[in-house]
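Dear colleague,

Please find below the structure that I am handing over to you. My notes on it follow directly after.

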Amino acid sequence: MYNGGKILLGLIIFISLVTAPFWLSGKQATAKPDPKIDTPEILKLPESDRQCVESKAYMKKEHMKMLNEWRDWVVRDGVTVYTSTTGKQYTMSLQNTCMKCHSNKKNFCDECHNYAAVSPYCWTCHLEPKEKGL
Amino acid sequence: MSMNRREFIKIAGLSSILGIGGVTGVTALKNSVEASQVSKNPEALTAKRWAMVVDMSKFASEEDFQPCIDACHRVHNVPHVTDNPKHEVKWMWPETYEHAFPGNEDEYRAEKYQHMPFLMLCNHCENPPCVRVCPTQATFKRKSDGIVMMDMHRCIGCRFCMAGCPYGARSFNYKNPRPFIDESKENPEFPTRMKGVVEKCTLCYERLAKGLEPACVEAAKEVAVKKGTTPGLIFGDLEDPASEVRKILSERFTIRRKPELGTSPSVYYII
């Protein structure tokens with residue numbers, strides 16, 4: 001092999017550069033998102049009422065679609081009341097329904113959105129709840 | 001298995017018909033499921049076509065009309081931009097006679113009419129030019145009650161509607177409106193807008209849905225109670241012959257802004 005040493009050295013440098021991000025970040029994986037649902041508003045509710053509009057699994061997966069649907073229903077169709085699968089009725093409003101319980105945008109919304117590197121533009125217009133100590 | 005062309009076309013045609021039919025069926029079913037999930041608030045105020053009468057005899061000075069403007073702008077988090085008059089955002093504002101009713105000027109008309117503070121708002125036209133020019137249907141006419149609505153989520157800030165509106169009822173957010181809203185007075189129940197969208201009066205659709213009258217009408221009532229008169233803003237259903245608005249229209253002489261344009265405004269003025 002001509003210039004075998006140089007080629008090998010080059011290969012080693014190349015591979016170490018390409019894989020550098022993996023080595024440098026070490027084994028410390030980014031902390032898993034842990035959205036907090038222990039706001040004073042939620043804790044005030046009796047244990048049996050501590051239930052979101054729909055089930056936790058559904059909300060986790062579908063909340064973005066649901067918010068889009070709520071938006072269109074309220075703004076475009078002029079209907080404001082949502083009946084959940086449990087039969088309970090809610091006013092469809094991000095600011096006045098969702099955030100009244102989830103008053104911790106920083107530890108609830110942002111927790112997963114930052115982890116997933118998504119930045120929904122809700123808050124350019126919608127007012128976020130005033131969080132104490134921030 | 002061999003297949004001749006005739007058989008192939010038969011099967012292809014049949015399956016595409018089934019496919020289209022199936023999709024429509026599924027969508028129809030889905031819509032009916034969704035529709036049963038949501039409903040109107042039973043307390044909501046409803047009408048076929050909302051209208052407003054502005055009784056100018058009740059609006060002589062600033063202290064009469066300013067409470068209405070303040071109430072509107074406070075409830076909707078309208079920014080108070082003062083540094084550049086071109087960047088002003090307004091849902092409700094006073095206007096002189098010659099600007100409100102151009103083409104009707106008369107140099108010998110009594111001074112008091114020339115300088116009367118005509119209270120302006122979106123006319124919620126029956127035939128709104130802003131809706132016709134909007135490329136994204138961000139502004140649209142609600143079929144249920146005739147309100148010319150704004151869907152801020154869809155507005156791309158092209159400002160066609162501002163060119164289309166003959167009444168100057170629309171304002172553009174040339175800059176981020178947040179710094180121009182007094183945080184101590186903001187309404188936490190209503191959103192603000194962002195830079196690059198157009199806004200205007202929405203006839204308090206969010207209050208109507210809760211069974212409340214528009215904020216300006218409520219403020220006008222408060223002023224009337226204080227002064228011991230009848231309110232200067234009267235709100236009601238134009239299609240309902242028994243409504244208060246219709247009663248006034250059948251008794252008093254009223255004018256509308258620029259009726260010759262054929263937009264058919266829903267805001268009437270008693271002078």
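Predicted model: local features only at pLDDT ≥ 70, side-chain atom pairs only at ≥ 80, totals over all residues.

Residues are numbered from 1 along each chain as its sequence is written, and chains are lettered from A and ligands numbered from 1 in the order in which they are written.

Domains. Chain B is divided into domain 1 (1-38) and domain 2 (50-270); such bounds come from an automatic or database domain assignment. Taken over C-alpha atoms, the centres of these two domains of chain B are separated by 49 Å.

Cores. A nonpolar core is here a set of buried Ala, Val, Leu, Ile, Met, Phe, Trp, Tyr and Cys residues joined through C-beta atoms within 7 Å. A residue is buried if 20 or more other C-beta atoms lie within 10 Å of its own, exposed if 12 or fewer, and partly exposed in between, with C-beta atoms placed from the backbone. The largest nonpolar core has 60 residues, and those that touch the most other members are B:Cys68, B:Cys72, B:Met92, B:Cys216 and B:Leu233. Among the elements of chain B that give two or more residues to this core are helix H2 (62-75), helix H8 (215-227) and strand E9 (233-237). Helices (H or I, at least four residues) and strands (E, at least two) are DSSP runs, numbered from the N terminus. Leaving aside residues up to four places away in sequence, B:Cys68 touches B:Met92, B:Leu119, B:Cys216, B:Ala219, B:Ala220 and B:Leu233; contact requires C-beta atoms, placed from the backbone, within 7 Å. A second, separate core of eight residues includes A:Val53, A:Val74, A:Val75 and A:Tyr82.

Sheet. In chain B, three strands form an open sheet with mixed pairing, in the order E9-E2-E10; strands pair if DSSP finds at least two bridges between them. E9 and E10 of chain B are the edge strands, each pairing on one side only. From one strand to the next, the twist averages 20 degrees. Four bridges link E2(B) and E10(B) in the parallel sense, and B:Val54 has B:Tyr269 as its bridge partner in E10(B). Helix H9 (residues 244-251) of chain B packs on the sheet and touches E2, E9 and E10 of chain B, its direction making about 110 degrees with that of E9(B). Axes are lines fitted to C-alpha atoms, for helices over the stretch in contact, and angles run from 0 to 180 degrees between N-to-C directions.

Chain contact. Chain B contributes 20 residues and chain A 16 residues. Strand E1 (residues 81-83) of chain A and strand E1 (residues 38-39) of chain B run antiparallel and are joined by two bridges. Within this pairing, A:Tyr82 stands opposite B:Val38.

Single residues. B:Lys141 lies in strand E5 (residues 139-141) of chain B. This lysine, B:Lys141, is partly exposed because 18 other C-beta atoms lie within 10 Å. B:Glu95 belongs to strand E3 (residues 92-95) of chain B and is partly exposed, with 16 other C-beta atoms within 10 Å. B:Glu95 and B:Tyr268 are 173 residues apart in sequence and 15 Å apart in space, C-alpha to C-alpha.

With kind regards

Note on methods
Contact = placed C-beta atoms within 7 Å.
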